[in-house]
Amino acid sequence: MARVATETGTSWAALLSGRSGAVLGLISAGIALHAFNQFAIVAALPLAAAELGGTATFSWAYSLYFIGSIAGGTGAAAYRDRLGPRAGMILAALLFALGGLLAISAPAFGWLLAGRMLQGVADGLIVAMCYSLIPANFPPRAIARVFAIEAVVWAGASLVGPLAGGLLAETASWRMSFLAVTPLVVALPILTLLARPQVTVAAAVPLSLATIALSLLGALMLSLSSLSEVGAVQAAAVVASSVSFLAAIRLDGRLGPRLFPVGAFRLGSVVGRGFWVLLLMSASHSVGSVYLALMINAVFGFRPAVVGYIIVLMALSWSVVAIVASRAVARPARHLLMRSGPLFQLAGFALLAAALGLQWSWLLVAGQLAIGTGFGVAWAGVNEAAMAAAPAEDRDRTGSLLPTVSTAGYAIGASLAGMITTAAGLVPRLATGDLGEVAAWLYGTAGALSVLAFLLGLRIRLPAA
């Protein structure tokens, strides 16, 4: 295995040229695939649910995707070490393509859900491997710039995604929206072969089956809570899920090999607080975003492409703000930006709740921009702080798990959203467009999670320059 990148080559020119540029291209392709797929089908899923009778289980299109992504992400380090980054990335791209074919040909909503879950597994593998390549192929001082470049990639993919997916849904069918990502699926194996990415000298990561199984069980139990309208059943599912997640954290390394890095989820460590902030910010956004397209359709009746662009405003503002925030050099300024992220989220959720209650479309735009700003000022800093605080032997493990922790947050948020909308009776309310009460519950919950993320983020410290 190759050594971690040295401190040389931190300029923009060095990052974008030679071997660094090739590896950056590979990482960017994986991030672009993740972003493009997410936004290209966001307007198509409500149409698919309506045609295939899946409105009542709509949140599962997200929950199963996220559960699959958790499975892929948590096993990505061991998967990569056994197959190597090149073979592993190519096989993951093929799995992603298979999931897309299942969704395109789905005769019922269950088939689409199966395709989404396969795509989730592949996406978890791809994104986790891409993140794990960052500390091995770039010096620490270049990591902030790498994240800034990925913000640009995210912006481009999230801009083109809704346009391609929305136009295909309008001019052909929702099924064709799943084909919009094809160029990236084809490009990923090619770039993998060209880049020849390095990995660190750390020992191979063993497959932590017990911890992964407990994590997946927790995610599945929480998802099941959305299928019942009985409060006691929902509460029991939430308790069972919490016990399973806590057991995964507490028993990690005792039942089989260790999955999490040292300090993961411990409130006394920067790594632990970083994990919690990523989890909570993702969960809060997921609570507010899973049903947003459906609710916008019901309240405003916009075209699929318009709905897609309203959704993507969050990602676009995230990317633009991240690029601007990356110019901050002074540590106090970077701490201020990083810690203010959840507060921007909180403001955005309040605006979205007001938009759906008052039926003012301009508030949708303002809310999405505020939420994206929150991610833009905080995300790179939290990721960098967690990577830098991890012991050297845990850098790869930490890097590969950061996006998986975020995905776990999205899975938790999607399940909470399903539970809330089931209890509040969202489906019958969609016909009338009277969603003020549902929006208040959804965005009140999202706001509470943001406040908790803010409090936990106050003690996260960035590495000294």
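Which residues form a nonpolar patch on the surface? Leu343, Leu346, Val451, Leu455 and Leu458 form it, and together they have about 370 Å² of accessible area.

## Basis of the report

This is a predicted model, in which local features need pLDDT of at least 70 and side-chain atom pairs count only at pLDDT 80 or more, while totals for chains, interfaces and linings use all residues. Residues are numbered from 1 along each chain as its sequence is written, and side-chain values use heavy atoms, with hydrogens and water left out.

Helices are DSSP runs of H or I with at least four residues, and strands are runs of E with at least two; both are numbered from the N terminus. A residue is called buried under 20% relative accessible area, exposed over 50%, and partly exposed in between (1.4 Å probe, protein chains only).

## The nonpolar patch

A patch is made of residues with over 30% relative accessible area and no salt bridge; like charges are joined within 9 Å, and nonpolar side chains (Val, Leu, Ile, Met, Phe, Trp, Tyr) within 5 Å. Accessible areas come from the Shrake-Rupley method with a 1.4 Å probe, and for residues only the protein chains shown count as cover. Helices α14 and α18 (436-457) each supply at least two residues of the nonpolar patch.

Leu346 lies in helix α14 and counts as partly exposed, because its relative accessibility is 32%. Leu458 lies in the segment after α18. With 36% relative accessibility, Leu458 is also partly exposed. Leu458 and Val290 are 168 residues apart in sequence, and their C-alpha atoms are 28 Å apart in space.

## Salt bridges

A salt bridge is a side-chain nitrogen of Lys or Arg within 4 Å of a carboxyl oxygen of Asp or Glu. By this rule the count comes to 2 salt bridges. One of them joins Glu51 and Arg175, with the closest N and O atoms 3.5 Å apart. This pair links distant parts of the chain: Glu51 is in helix α3 (residues 44-52), Arg175 is in the loop between α7 (143-171) and α8 (182-195), and the two are 124 residues apart.

Arg334 and Glu384 also meet in a salt bridge, at 2.6 Å from N to O. Arg334 is in helix α14 and Glu384 in helix α15, so the pair ties together parts that are 50 residues apart in sequence. Is Glu384 buried or exposed? Glu384 counts as buried, because its relative accessibility is 11%.

## The second largest pocket

A pocket is found on a 1 Å grid over the protein atoms alone: it is an open set of points where a 1.4 Å probe fits, with protein on both sides within 12 Å along at least five of seven lines, and its lining residues have an atom within 4 Å of a point. Grid points are joined across faces, edges and corners, and the volume is the space filled by probe spheres set on the points. About 570 Å³ of space lies in the second largest pocket.

The lining of this pocket has 24 residues, and Phe245, Ile249, Trp276, Leu279 and Ile412 lie nearest its centre. At least two lining residues come from each of α4 (60-83), α9 (209-224), α10, α11 and α16 (395-424). The largest share, 7 residues, comes from α10. By class the lining has 19 nonpolar, 5 polar and no charged residues. Here Ala, Val, Leu, Ile, Met, Phe, Trp, Tyr, Cys and Pro count as nonpolar, Asp, Glu, Lys and Arg as charged, and the others, Gly among them, as polar.

## Two residues with positive phi

Phe265 is not a glycine, yet its phi is positive, near 65°. Phe265 lies in the loop between α10 (231-250) and α11 (270-289), and is buried at 14% relative accessibility.

Gln359, also not a glycine, has a positive phi of about 60°. Gln359 is in the loop between α14 (331-358) and α15 (361-389). At 46% relative accessibility, Gln359 is partly exposed.

## Buried helix residues and distances

Leu402, in helix α16, is buried at 1% relative accessibility. Leu402 and Phe275 are 127 residues apart in sequence, with 7.1 Å between their C-alpha atoms.

Ala169 is in helix α7 and is buried at 11% relative accessibility. Its C-alpha atom is 9.8 Å from that of Ala48, 121 residues away along the chain. Ala219, in helix α9, is buried with a relative accessible area of 4%. Ala219 and Thr182 are 37 residues apart in sequence and 29 Å apart in space, C-alpha to C-alpha.
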